[in-house]
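Please keep the sequence and the structure in view while reading.

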Amino acid sequence: MVVDGIHVMSTFNAFYIRKKAADKETRAAILSVYPKATVQTFDDFIGGVLSSDDVEPPEQKLSALSARLATDVIWVTYQTTAGSFIYHHWLDGKHLRALMYGCMKEGRWDRVEGKAEEWEKDCFWDEDSLEMNLEEASSDAERKKLKKLWS
């Protein structure tokens with residue numbers, strides 16, 4: 001996207017490590033996977049914000065990082081213009097959840113693996129989302145199917 005002659009990126013890529021080790025060790029772990037990452041520190045996590053070109057998460061490296069640090073590693077990618085996102089969650093090296101939406105085909109789930117996490121219900125299955133989907137449904141059968149999914 002171009003605004004006032006400036007190229008504005010609409011893609012955000014980052015991964016976050018739940019603090020368990022010293023900040024210095026976690027920072028070094030982030031930079032070992034992505035040497036050019038911008039490191040951000042929060043109360044419970046340390047994150048590596050990446051370039052907009054780093055869309056594909058290195059799943060094996062992030063799994064190994066999670067195992068080595070014995071903690072959570074979470075990958076997040078979202079693209080505002082396409083309405084797409086990618087989410088991965090590892091704990092102690094185990095891949096708990098993978099979600100990809102709108103990456104290969106607009107408005108479709110491309111990948112759903114693992115058990116739903118607590119935060120997903122409020123983000124994906126709220127009443128407003130149901131109402132929006134019911135309005136766009138093309139038949140009573142489709143509306144019935146949507147209601148069943150939400151329940």
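**A buried aspartate**

Asp-72 is buried, with a relative accessible area of 9% (buried means under 20%, with a 1.4 Å probe and protein chains only). The model is predicted, so local features need pLDDT of at least 70 and side-chain atom pairs pLDDT 80 or more, while totals for chains, interfaces and linings use all residues. Residues are numbered from 1 along each chain as its sequence is written, and side-chain values use heavy atoms, without hydrogens and water.

The side chain of Asp-72 makes polar contacts with the side chains of Arg-18, at 2.7 Å, and His-89, at 2.5 Å. A polar contact is a pair of N or O atoms within 3.5 Å; within protein, one must be able to donate a hydrogen and the other to accept it, and residues adjacent in sequence count only if both atoms are side-chain atoms.

**The sheet**

Asp-72 belongs to strand S6, residues 72–79 (strands are DSSP runs of E, at least two residues, numbered from the N terminus). An open sheet of 7 strands, paired antiparallel, has the order S4-S5-S3-S6-S7-S8-S9; two strands pair if DSSP finds at least two bridges between them. Strands S4 (38–41) and S9 (109–114) stand at the edges with a single partner each, so one side of each has no neighbour in the sheet. S3 and S6 are joined by 7 bridges, and Tyr-16 has Ile-74 as its bridge partner in S6.

**The cores**

The largest nonpolar core has 18 residues, including Phe-15 and Trp-75. Such a core is a set of buried Ala, Val, Leu, Ile, Met, Phe, Trp, Tyr and Cys residues joined through side-chain atoms within 4.5 Å. Another core, of 9 residues, lies apart from it, with Ile-74 among them.

Key:
Helix = DSSP H or I, 4+ residues; strand = E, 2+ residues; numbered from the N terminus. Buried < 20%, exposed > 50% of the residue type's maximum accessible area, 1.4 Å probe, protein only.
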